[in-house]
Amino acid sequence: MAGRFAPRPPRAAVRGGIPRQGVAPGRERVWVPDGPLELGLVLGPLRRGPGDPTFRTTPDGAVWRTSRTPAGPGTLRVTARGGEVRGESWGPGAEWLLDRLPRMLGAEDDPSAFVPRHRLLALTRHRRPGLRLTRTGLVLESLIPSVLEQKVTTLEAYQAWRLLVRKFGEPAPGPAPGRMCVMPSARTWALIPSWEWHLAGVDDKRASTILRAVRVAARLEEAAGMEPAAAQARLEVVPGIGPWTSAETVQRSHGAPDAVTVGDLHLPGIVGFALGGDRYADDAEMLRLLEPYAGQRHRAARLVLLSGRVPGRRAPRMAPRGIERI
């Protein structure tokens, strides 16, 4: 049998079924923030569940992310020690990611603009001084998972994102932790067959919204250079994208401090309970309670969530629908 078959590549050299070549040296950048910075708080909103193939934290405290930048796919590793942040990046998008590392870590955010008018918010801000609002400068990578989260449980949305990215994405450049992937390109999203959406548990309405969005991907990515309100207006031109989805997107792509999420199932009750003792608050009541923080309403909502002051459950957790089994 010797010589009849080509030798198999080593197990460590294969990722996602694609043989990996030798890892090219990465690029590095060191940045010193002008105040406290907590990587988990800043970058945490970019993580879509514990199995997100585009986001990973490792025991050494490093945060790994993959992105599809205008220059191509890239992998970014970020660590913070001794008052400085070190970024390492690989792939065609390496330079793009490092150039924008400070703004992704909140360099353009101004936490001092927030003036707490409630004891809970003042206490939470004092306890978590490292909170800054991230700004990725990439619209589609936040828009697509936000669409997947429309009107379903988080477990369903996270599973759909994980399955679709792993199946149709590409292996992360560089020495990324196992099974990390870069999300598919706009063209690849557009070519996903209908049955693959169904197998991932995504109904026709959400799949159609994503397909409409990726067909105008270039126009949507242009929104990264707009003011948040104008960017939301452009996103909402696409049928299926409303205020909830657009707010969830610009919170990440623009670091928008005032883009409060309306139309959410849980947030009004959480904010109402924390700031007004009303667990049955609706969107109108939530906006009334947040009115003193105009211009910083998203930051106020983030602080409420970080405070841990949430009402107890009123009913069992909603069960996933599992449409992929139909």
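Colleague: Strands S4 and S5 form a hairpin with five residues between them; which residue in the turn has a positive phi of about 90°?

Modeller: This is a predicted model, in which local features need pLDDT of at least 70 and side-chain atom pairs count only at pLDDT 80 or more, while totals for chains, interfaces and linings use all residues. Residues are numbered from 1 along each chain as its sequence is written, and side-chain values use heavy atoms, with hydrogens and water left out. Strands (E, at least two residues) and helices (H or I, at least four) are DSSP runs numbered from the N terminus. In the turn of the S4 and S5 hairpin, the residue with that positive phi is Gly-61.

Colleague: In S5, which residue is the bridge partner of Arg-56?

Modeller: Two strands count as paired if DSSP finds at least two bridges between them, and S4 (residues 55-57) is joined to S5 by three bridges, the two running antiparallel. Within S5, the partner of Arg-56 is Trp-64.

Colleague: And which residue of S6 is the bridge partner of Val-63?

Modeller: S5 also pairs with S6 (residues 72-81) in the antiparallel sense, over seven bridges, and a hairpin of two residues joins S5 to S6. The bridge partner of Val-63 in S6 is Val-78.

Colleague: How many of the seven residues of S5 are buried?

Modeller: Buried here means under 20% relative accessible area, with exposed over 50% and partly exposed in between, using a 1.4 Å probe and protein chains only. S5 (residues 63-69) is largely enclosed by the rest of the structure, because the number of its residues that are buried is six.

Colleague: Which are the edge strands of the open sheet of five strands?

Modeller: The strands of this open sheet follow the order S3-S7-S6-S5-S4, with antiparallel pairing. The twist from one strand to the next averages 20°. Each edge strand pairs on one side only, and these are S3 (27-31) and S4.

Colleague: Are H5 and H9 roughly parallel or antiparallel to each other?

Modeller: With axes taken as lines fitted to C-alpha atoms over the stretch in contact, and angles running from 0 to 180 degrees between N-to-C directions, H5 (residues 140-148) and H9 (residues 204-215) pack at about 165°, their axes 9 Å apart. Angles under 35 degrees count as roughly parallel, over 145 as roughly antiparallel, 65 to 115 as roughly perpendicular and the rest as oblique. The two helices are therefore roughly antiparallel.

Colleague: Which residues in H9 do the residues of H5 meet?

Modeller: Contact means heavy atoms within 4.5 Å. From H5, Leu-140, Leu-143, Ile-144, Val-147 and Leu-148 take part, and in H9 they meet Arg-206, Thr-209, Ile-210, Ala-213 and Val-214.

Colleague: Which helices do the buried residues of H12 pack against?

Modeller: H12 (residues 243-253) is mostly covered, with ten of its eleven residues buried, among them Trp-244, Glu-248 and Arg-252. These buried residues pack against H5, H11 (228-235) and H15 (297-307).

Colleague: Which residue with a positive phi follows H12?

Modeller: The buried residues of H12 include Ser-253. After the helix comes a residue whose positive phi is near 60°, namely Gly-255.
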